[in-house]
Amino acid sequence: MATSNQLKRVDFIFRNENDWEKILSSTLERKPQELINELISSELKGRGGAGFPTGLKWKLTAESKEKEKYVICNADEGEPGTFKDREILSRVPYKVLTAMAICGYITGAKKGYIYLRGEYKFLLPELNKVIDEFEYYCKETNLDFKISIFMGSGAYICGEETALMESMEGKRGEPRNKPPFPTQAGFMGKPTVINNVETLVHTFTIFKYGAKKFYDLGVQYSRGTKLFSVSGDTPKPGIYELELGMSLQDFVYEFGDGDTKAVQVGGASGFLVPRKKFKDAAIGFKGKLTGISLPTGGSMMLFNSSRSMFNVLDNYLEFFREESCGQCTPCRVGCQQLLLGIKAVKRGEKPASYLDKLLRLTETMQYTAKCGLGQSVANSFSSIVENFREEMIY
Amino acid sequence: MSKKVNITINGFPVEIATGKTILEAAEEQGITIPTLCHHKDLCVAGNCRVCVVEVAGQNRLSAACATPCEEGMEILTNSLKVRNSRKQIIELLLAEHNADCTKCYRNGNCELQTLASEYKIMTQDFIELVPLKHFSIDAYSPSIIKDDSKCIRCQRCVRTCAELQGVNALTVAHKGDKMKITTFFEKAMRDVVCTNCGQCVNHCPTGALVERNYIEEVWEAIANPNKHVVVQTAPAVRVGLGEELGLKPGKSVTGKMVAALKRLGFDSVLDTDFTADLTIMEEGTELLTRLKKALVDNDKSVALPMATSCSPGWIKYIEHMFPEHLNNLSTCKSPQQMFGALAKTYYANARNIKPEDIVSVSIMPCTAKKYEAFRPEMHDSGYRDVDYVLTTRELAILIKQAGLDFNKLEPAKYDRLMGESSGAGVIFGATGGVMEAALRTAYEIVTGREVPFENLNIIPVRGSDGIREASIKIENPVEEWAFLDGVELKCAVAHGLINAKSVMESVKAGTADYHFIEFMACPGGCLGGGGQPIPTNPEIRRKRAEAIYAEDEGLPIRKSHDNPEIKKLYKDFLKEPLGEVSHHLLHTKYTKRERY
């Protein structure tokens, strides 16, 4: 993947323009097909971390003949180290609502939901105000689209799109088998577009400024900008909108404290990149971690030399052990085994070679777990154990 | 849609009907893909992951049970990647499982054990989780024992309780490492809405849910020279028992079973079918009496439709879920309890044995019968009417322990006094059987003629549909029942509590215009009971049903009221149906229960 040469700060997402009514009404005058084509040509990919092409998702749902359809905004932002969606919802919520309404117009959905993370309850009063305003506008303009908020209850797994829908249906938050995908049978078994908060805001940008403006940013396969939640050992933690395709080296120059040992890209389910690989790593969507590109939901955690990588991994695994929904074997038992396993190696109860058995276990988890949670535990585990093996043992 | 898709399985091209899963496609080709959470009675869960297969072009493996075949798929069911992953998943399950197999009730019939053996898991490299957790055993129920340390979280029991039974006594709680199968507020099984039907036991792949067994107690009673041990065998046991003893499903083993019971040392081997016939006499008369009160006397207090009361799982269900409809239940005890009450009165008198010296054992296809025998009201003989209830599976264990070569046994006949039965008693074991038996008798009482069905086979009430309806028009009745002339007697049959629930909802709403409804807690009726051999599935139940109806056809007496021992019983002891003795010994009351 090509990398851009330097870090480019951009300001689209939080640009406060107060023109959502104009954008909405002018967009709704265009033909759905034309809008879908525009979205596809922007090459926008989902910003929750999985990177599914947004235009295609909307297209598939639009093509379904079902009468009842839904749009869901996934605001269950639960990935450790991510806090961008909260900021979007508190600063530019109307962009999200507008994008949902446009999505409803394109796909034929009349109902939208915001699945709000349990811990974000404090956003409710303001959000409800904006939704009221939005509803008033809809009534004035005869736009048949309603948005409600569904409160999550604090389970990480409910950020997984099908577990989220189960939870909305009043069931236990457990991921479903796929297929069928949400575009075929989502919420209440009906075709559903489910997008991350940030993804929706990008569609707003695209419909406002045109796909080309978005496409011209970023690099091949990774177009546009992305919000990054920067935390850890950095002098300037916060949220930054950056062009995709930057090298991790550039990122660390900008945000590191001069002693950066490793960066966790994409939260606990992402990859840990050690200093020696900063140069080769770029932030974008193509491929897996080969030292080349790192897809991400935007969490960037920096660790300096004072941090023990064993403790970091231990912390992640405790998190996964607890947050696995527990239904599928590889994830439920696998997470427990990984956590107990590294502790046993550290204490000398298991030989160092046991780490290799655990690495094979993460491979099995990646191949066989039912959903993204169990599949991606391998990411942080293998990237930490392979790069910091001695810290695991001694 | 009968479209086909072309795929390859392990390199061999095959054509598969659209919509079939990889698992079904492989099965068609004679390839077994191991499964644990999958069960043909239940919806797809896809959570154990042992059925993973490789689909060319995909890095991740797919769960065969949950993935439909698509055109052009190249599937590998046994690649190195598949085998290694599968093996590791089995190892993970074993690490979480109390794998003390020699001390397990399901030793020898455990799906996890079989899989571990197939994959030759000889070592345990992973850290054993069982000692680190505080698992408890719920052994408070007289029917079912739940041991969480043996649970593999496949959720088959949860799906069974929800989908087949609509009871939802078992649910999933917590997440991650604490995820477990439990009950409302983690109460004991005996304290929740559990109906003791035992379908969870039947569907559990391991020993996490088993029946409470009374094997040692029965051996002890048999060995006691001062005790006279009588045993009764329920209708459905004879068509299931063979499966536990090496025979294929669908084989009736009545004679061999009786022979085996005699060799085990029971003093008298008798038949629950006898009291099934008796139930028909009592329940049929009760129905006609209710109809008379309702239609002639215009008595508004009579509850119609009348519902059968043979299935103790159903009884506990209605007590919890529709307590306002207990009046609709027939007051008749189940055949087991009628037998128990008679064993320590009528039988004891006739054989001149002191009732306190009688130990009454019953062999049932059912775990709820254990609870039923345990009910405080079931002491009408002055003693506990039925002392020990064994399931079909426990009987097989007795036979194996005694070292009997079951297949070599010469068939024997039931002992007399309470050993004779009609075909109508036998079909109690299948869904619709009680209805059919009741109609054979009631119609004849009312009209003086046999039911107008060829060979007495009332086909409309048979079958496997969850809810079936039938009606029979009464014409030219005898004088006593003249008021029924022209009345269309409307009946319904429901099996599996989820179906019972929907029928009861229509009864509650007042939209059900039936006169008589047969309810059975278990899918297929008693032949699919929670105490029957494991495994169970629709195919096995179909075969057991065929065997039951064949047994009925083969019997010389087909109608309960023709059973000479029943006639004798009324002549010598009971006098008349619904008479005073009957009322005391054969009828009962029900208890309103809370849902929580």
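**Chain architecture and interface of the predicted model**

Chain B contains 19 helices and 18 strands. The radius of gyration of chain B is 25 Å, close to the 25 Å that the globule rule gives for 596 residues, so chain B is as compact as a globular protein of that length. The structure is a predicted model. Along the principal axes, the C-alpha atoms of chain B occupy a box of roughly 80 × 60 × 50 Å. Buried residues make up 54% of the 596 residues of chain B. Among contacts in chain B with a separation of 6 or more, 75% join residues 24 or more positions apart.

Four domains are assigned in chain B: domain 1 (4-78), domain 2 (100-107 + 123-211), domain 3 (215-274 + 336-408) and domain 4 (279-332 + 421-585). The C-alpha centres of domain 1 and domain 3 of chain B are separated by 44 Å. An unreviewed UniProt entry lists residues 81-120 of chain B as "domain: 4Fe-4S His(Cys)3-ligated-type". In the model, residues 81-120 of chain B are 60% helix and 0% strand, and the end C-alpha atoms of this segment lie 17 Å apart.

Chain A comprises 15 helices and 13 strands. A compact globule of 394 residues would have a radius of gyration near 21 Å, and the 21 Å computed for chain A agrees with this. The box filled by the C-alpha atoms of chain A, taken along the principal axes, is roughly 70 × 45 × 35 Å. Of the 394 residues of chain A, 57% are classed as buried. Residues 24 or more positions apart supply 72% of the contacts in chain A that have a separation of 6 or more.

Helix 6 of chain A (residues 124-140) was examined for its end-to-end length. After helix 6 of chain A comes A:Asn142, which has a positive phi, near 60 degrees.

Between the two chains, 29 residues of chain A are in contact with 29 residues of chain B. On the side of chain A that touches chain B, the elements giving two or more residues are helix 11 (309-323), helix 12 (329-346) and helix 13 (354-368) of chain A. Helix 12 of chain A gives the most to this side, with 10 residues. By class, the side of chain A that touches chain B consists of 10 nonpolar, 12 polar and 7 charged residues.

Technical notes:
Residues numbered from 1 in each chain as written. Chains lettered and ligands numbered in written order. Predicted model: local features only at pLDDT ≥ 70, side-chain atom pairs only at ≥ 80, totals over all residues. Helix = DSSP H or I, 4+ residues; strand = E, 2+ residues; numbered from the N terminus. Expected span 1.5 Å × (residues − 1). UniProt positions renumbered as here; feature names shortened; annotations may be inferred. Domains from an automatic or database assignment. Contact = placed C-beta atoms within 7 Å. Nonpolar A, V, L, I, M, F, W, Y, C, P; charged D, E, K, R; others polar. Rg over C-alpha atoms; globule rule 2.2 N^0.38 Å. Buried ≥ 20, exposed ≤ 12 C-beta atoms within 10 Å, placed from the backbone.
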